[in-house]
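Subject: Model handover

Hello,

Here is the model we talked about. My notes follow below it.

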Amino acid sequence: MITDINIAEAERLKAEGNALYGRGEYDAAKEKFTEAIEKNPTNAILYANRAAVHLSKNECLDAVWDCRKAVELDPTYARGWGRLAAASHSVQAWSECISAWEKALECLSKLDTLDPAQRTMKQNFELGLKKSKAERHKVDTSALVVSEDSLRSGRLPWDVAKAMYEKTVAEGPAEVKPSCIYLLHSAREDLNTAMSHLDELQTVENAQGQKSLRGSLTTFRYLSNAILADKRVFGVRVADFNDKIRTQANLENGFHRGWIESGGPATIKKEALERLEAEGWASVRPALAITIRIWIFTAWFRANLAGHFDFAHEMFMNAIDVLEWGRNQWPDVSKDDRGAIFEKSFIRSAKSMFLEAMHESVFRNGPTKFTYEELIKYAEAIIEDVDSDPDSPDTFFGHRLAYWMYPKGIASSILGWVYFKEATHSSLEGAQRTSTFETASKYYLLAAKNFPEDDEYHVRFLVKALECFCAMGSVPLSQTLPLCDAIRRAFDQAMVIWGASPYGETLKANLSRVKAFEDEHRNLISEGRCTLDSASGRLPAARA
């Protein structure tokens with residue numbers, strides 16, 4: 001029961017908040033509306049006003065939560081529904097968005113007459129509904145399509161990795177040879193476990209006709225572990241996967257009393273501390289874990305499968321905010337109590353996924369949501385984090401790849417991409433352009449070094465380094481031809497694991513470019529038309 005409501009004070013604070021909002025002082029306005037809500041938490045307008053501030057600050061998920069509260073308090077509040085629709089549109093939550101537009105219009109339709117402001121509002125709602133219906137069908141995906149023949153072949157990378165891993169274990173080698181099979185196998189096993197748990201999800205009905213969900217409570221732990229380790233293992237063939245995964249999220253979040261539907265980082269930080277004091281780690285640890293794991297998976301899934309980068313950006317930022325806060329809040333609390341999500345390795349892997357989503361957004365849409373400078377800063381921070389946090393010598397090699405080497409490799413490759421793009425698409429000339437290509441090459445070589453030689457990424461980044469060398473126009477063949485040899489050796493190893501479609505085609509295309517370059521220049525050397533000291537020519541362009 002709500003007590004101590006102070007309507008007059010809430011109205012005073014609301015007026016101050018409105019004035020601050022009108023002047024563009026959004027942080028101060030949010031603080032005033034929050035104070036007003038504390039004085040009168042039954043006023044829907046206060047939540048809607050704070051939601052407007054959130055939208056102005058691009059805190060779209062927080063805006064969604066405030067708008068939901070507003071229309072819960074007053075289901076006839078047309079502006080609240082309209083604001084919920086706008087916030088939902090920003091995070092591409094199309095079902096809720098379209099429903100909210102329709103509710104907003106329905107509220108207006110029940111009024112006897114509309115004043116000029118309400119008529120304008122109605123036109124805006126109709127336009128918003130039309131736009132949202134059109135946008136919901138646009139899918140911008142970076143997912144690879146794997147043919148049914150490849151799926152049945154038993155030759156996909158994780159199939160080969162499983163067989164090689166089992167053979168390696170059976171033979172019991174004295175020393176583990178660096179290979180991507182260890183991570184591929186463990187990540188795919190986690191994914192398979194998650195998918196089998198998802199298949200167990202069902203709705204049951206008791207004798208009184210009441211329905212409830214029954215299923216595993218660890219699905220998101222396995223699912224998030226799989227993509228944090230190596231996202232390439234992820235794949236779905238289930239037509240209703242989206243519906244199932246939402247239902248699974250509701251089951252686990254509800255059981256553990258997580259926060260996926262009830263607020264952003266500020267709410268979690270406040271309530272987690274209160275719950276910890278009242279109930280202890282046994283209650284708080286799983287609640288925090290399920291919230292973060294669902295956020296991370298949803299952000300990654302929406303970014304890569306639908307191109308919803310705005311949504312992914314905010315979801316990743318919220319997750320990382322809570323993760324860093326928790327690690328700082330409980331620095332001396334054991335992993336057993338606070339949970340694995342606050343380990344540096346887990347946080348680093350989440351940041352690596354966010355960096356990849358940022359890069360994919362810039363790659364597809366240009367530096368609209370993120371700048372090249374932001375990519376550089378974030379990538380450099382990940383590399384620094386890896387270098388300052390050495391793993392234990394007895395760390396399982398697959399774990400070392402997932403949480404140390406791969407994040408550093410991905411960050412290095414993105415730095416290579418940024419500098420290569422700067423050198424090829426800017427007005428740089430002469431020594432400055434050559435220096436930028438050289439920087440790009442160093443990062444691509446560093447990226448390759450952090451992936452085993454039998455990983456397709458290793459080959460890909462060596463080829464990019466060669467491309468940088470060739471573009472410089474001054475690197476001698478004595479440096480590029482040995483790199484060609486290294487690429488060919490790595491190609492042979494990678495094809496054993498990554499030879500199936502669609503990965504094998506990319507590998508073969510890269511080798512074809514390298515072979516054409518190498519054959520041309522070795523022929524020129526044999527004909528006496530150049531020497532190993534001669535500058536390398538251009539690498540043949542990749543086929544479109």
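Helices are DSSP runs (H or I, at least four residues) numbered from the N terminus. The model is predicted: local features need pLDDT of at least 70, side-chain atom pairs count only at pLDDT 80 or more, and totals for chains, interfaces and linings use all residues. Residues are numbered from 1 along each chain as its sequence is written, and side-chain values use heavy atoms, with hydrogens and water left out.

Lys464 first. Lys464 sits in helix α21 (residues 456-472). Beyond its neighbours within four places in sequence, Lys464 is in contact (heavy atoms within 4.5 Å) with Phe420 and Tyr444. Pro452 is 12 residues from Lys464 in sequence and 16 Å away in space, C-alpha to C-alpha.

Next, a helix pair. Helix α12 (residues 241-256) packs on helix α14 (residues 281-306) at about 160 degrees, with the axes 9 Å apart. Axes are lines fitted to C-alpha atoms over the stretch in contact, and angles run from 0 to 180 degrees between N-to-C directions. So α12 is roughly antiparallel to α14 (angles over 145 degrees). The contact includes Phe241 and Ile245 in α12, and Ile290 and Phe297 in α14. Its residues divide into nine nonpolar, five polar and one charged. Nonpolar covers Ala, Val, Leu, Ile, Met, Phe, Trp, Tyr, Cys and Pro; charged covers Asp, Glu, Lys and Arg; the others, Gly among them, are polar.

Last, the second largest pocket. Its lining residues divide into 11 nonpolar, 17 polar and 18 charged. A pocket is an open set of points on a 1 Å grid where a 1.4 Å probe fits, with protein on both sides within 12 Å along at least five of seven lines; lining residues have an atom within 4 Å of a point. His54, Glu59, Asp62, Trp65 and Glu314 lie nearest its centre.

Best wishes

Key. Helix = DSSP H or I, 4+ residues; strand = E, 2+ residues; numbered from the N terminus. Parallel < 35°, antiparallel > 145°, perpendicular 65-115°, else oblique.
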